[in-house]
Amino acid sequence: MKTKLTHILLPISSLIAFTVLWQLAARRYPPEQFPSPSDVVKAIAELAASGVLWGHIAISLIRFGGAYLLAVAVAIPLGLFLGRFSRCHRAIDPLIQILRPISPIAWFPLAVLWFGIGNAPAVFIIFLAAFYPVLLSTISAVRAVSPVYLKVAANFGANPAMTFLRVIVPAAFPGIMVGLHIAVGTAWIHLVAGEMLGAQSGLGFMIVDARNFLRTDEIMAGMLLVGLLGLAIYQGMKAVERLIGRRWGVKA
Amino acid sequence: MSAIGQTAKISLRGVEKRFASARGEEQVALSLVDMDIASGEFVCLVGPSGCGKTTLINLMAGFERATTGTVTIDGRPVTGPDPDHIMIFQDYGLYPWKSVLDNILFGLQARRVPAPEARERARAALELVGLQAAAGKHPHELSGGMKQRVAIARALAVEPSVLFMDEPFAALDAFTRLYLQDELLQLWSEKRPTVVFVTHDLDEAITLGQRVVLMAPNPGRVQRVLDVELVYPRERTGNDFSLFRRELFQEFHLVHQQAAEEEEYSI
């Protein structure tokens, strides 16, 4: 009981302490330069009341979800293939290793040139941000499948399709899950960047738009919302992981 | 009990396994093995590490190829793993994402057994090892001994004519091991598959095997074949048991001494 209490109390008290410090620090500066937490809350309330906030959040979530799912839909099959056929992997690996360190943001000028302004460049950037973690973790998960699983499948005479779909894919799944988890974080971070650079809507755009009007309270409101939504998505991901972990017989 | 006068179920002729070590030298894992195993026989391969017993069972099970010589089962050369010859591994090889029942069904589905019949056979196999109640559980909810019984049930469900067992009880505690030895003998006497059982435990070998093949390292080879003419179930503390035990231990010490001397020479 005592530990449960501290589990809840400790994080809450640190959040309260942070807010108080922020409030105290903000007093020393004009609100246009460093808005206080109460200014930010007020800004969020205003944005919510005027209705623009919900539109931005919705479009951001749709872009994020769409681009993320697209990345997963391409990266997992490709990763399964490259993990299974080590010759193809050896051929393609150098290319992956060169492309991977390039920040998705660096693709932005080309993305605008190719796709124009709007949804597409933001989606493209989120796609890139999610793609590599999922691809690489899928490849290594397939390569790490325990040899004894494959021996058992071969021993019972399972054909290649059955071995792949019913042994390799489920055996690799926990490893793939790690990549999905990392990709959620990187994709969400790059969502804001993508929207700041080219979009006319979404939370990233909202922050840029606020900057153009020197509304620092709205900038911080946007940042805070990005953080909170990111946390919510992360928690949702963890819940799904626990659920799957239980089914897979591994503790998450 | 030996295979003389019968057609052998498993037959090895001049089987040798060599491989190149990391330094590029040729290593002999197994040197010139000739052996016949009769249908329904229970043979134990026993010896210290490096004696090639695991290599030998892997050659018979089709997971490895012999460098020279031939391995035949039912007169046909072994070219790969075969659903009629099932291997039981020390680490069970159960699929952790499948329930116990689904693990057993896997082997039957791979054989394309129709679903209703597969279910029935899987349940019957579970009953054989006394784990009906665990059908819906996942492997991580089971003890090591239960996991190995599931693996045995999975093997028995496809009714193989040969069971290869590679140190199946080595990871279990002493009591569970004794219990599973008795259970295995019970199943063997009911179903009468040919069993090749690898162990590094001399007592286990004498408890189980009609024949005990003692192997020696450097290079891996057959040192001595012992016919254990004791009726089942064997009294582990009996006088006859002790006789075989003494003989095997003496032979083993000889092997041990040789290995130690060779090591001295090589230094």
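Predicted model: local features only at pLDDT ≥ 70, side-chain atom pairs only at ≥ 80, totals over all residues.
How many bridges join β7(B) to strand β8 (residues 194-199) of chain B? The answer is 5, and these two strands run parallel.

Residues are numbered from 1 along each chain as its sequence is written, while chains are lettered from A and ligands numbered from 1 in the order in which they are written.

**View 1. Strand β7 of chain B and its two partners.** Strands and helices here are DSSP runs numbered from the N terminus, with at least two residues (E) for a strand and at least four (H or I) for a helix. Two strands pair if DSSP finds at least two bridges between them. On one side, β7(B) pairs with β6(B) in the parallel sense over 4 bridges, and B:His85 has B:Val162 as its bridge partner in β7(B). Toward β8(B), look for B:Phe164, whose bridge partner there is B:Val196. The chain forms a right-handed β-α-β unit from β7(B), helix α5 (residues 174-191) of chain B and β8(B). Right-handed means that, with the strands pointing away from the viewer, the path from the first strand over the helix to the second runs clockwise.

**View 2. The side chains of β7(B).** A residue is buried if 20 or more other C-beta atoms, placed from the backbone, lie within 10 Å of its own, exposed if 12 or fewer do, and partly exposed in between. Strand β7 (residues 162-166) of chain B is largely enclosed by the rest of the structure, because 5 of its 5 residues are buried. B:Val162, B:Phe164 and B:Asp166 point one way, and B:Leu163 and B:Met165 the other way. In a regular strand the side chains alternate between the two faces of the sheet.

**View 3. The six-stranded sheet of chain B.** Follow the order β6-β7-β8-β3-β9-β10 across this open sheet of chain B, which has mixed pairing. Its edge strands, β6 and β10 (221-227), each pair on one side only. From one strand to the next, the twist averages 15°; such angles run from 0 to 180 degrees between the N-to-C directions of lines fitted to C-alpha atoms. Within the sheet, β3 (residues 42-46) and β9 (residues 211-216) of chain B are parallel partners over 4 bridges. B:Val43 stands opposite B:Arg211 of β9(B).

View 4. In the loop between β9 and β10 of chain B, a cis peptide bond joins B:Asn218 and B:Pro219, with omega about -10°. B:Asn218 also has a positive phi, near 55°, in a residue other than glycine, and is partly exposed, with 17 other C-beta atoms within 10 Å. A cis peptide bond also joins B:Tyr232 and B:Pro233, with omega about -10°. B:Pro233 lies in the loop between β10 and α7 (239-266) of chain B. Finally, B:Tyr92, in the loop between β6 and α2 of chain B, has a positive phi of about 70° although it is not a glycine. B:Tyr92 counts as buried, with 24 C-beta neighbours inside 10 Å.

**View 5. The four-stranded sheet of chain B.** This open sheet runs β2-β1-β4-β5 with antiparallel pairing. Strands β2 (26-37) and β5 (76-77) of chain B are its edges. Strand β1 (residues 10-20) meets strand β4 (residues 68-73) of chain B over 5 bridges in the antiparallel sense, and B:Ile10 has B:Ile73 as its bridge partner in β4(B).

**View 6. Where chain B touches chain A.** Residues are in contact if their C-beta atoms, placed from the backbone, lie within 7 Å. The contact takes 19 residues from chain B and 16 residues from chain A. On the chain B side, β6 (85-88) and α2 (100-110) each supply at least two residues, and α2(B) gives the most, with 3 residues. That side divides into 13 nonpolar, 4 polar and 2 charged residues. Here Ala, Val, Leu, Ile, Met, Phe, Trp, Tyr, Cys and Pro count as nonpolar, Asp, Glu, Lys and Arg as charged, and the others, Gly among them, as polar.

Note on methods: Contact = placed C-beta atoms within 7 Å.
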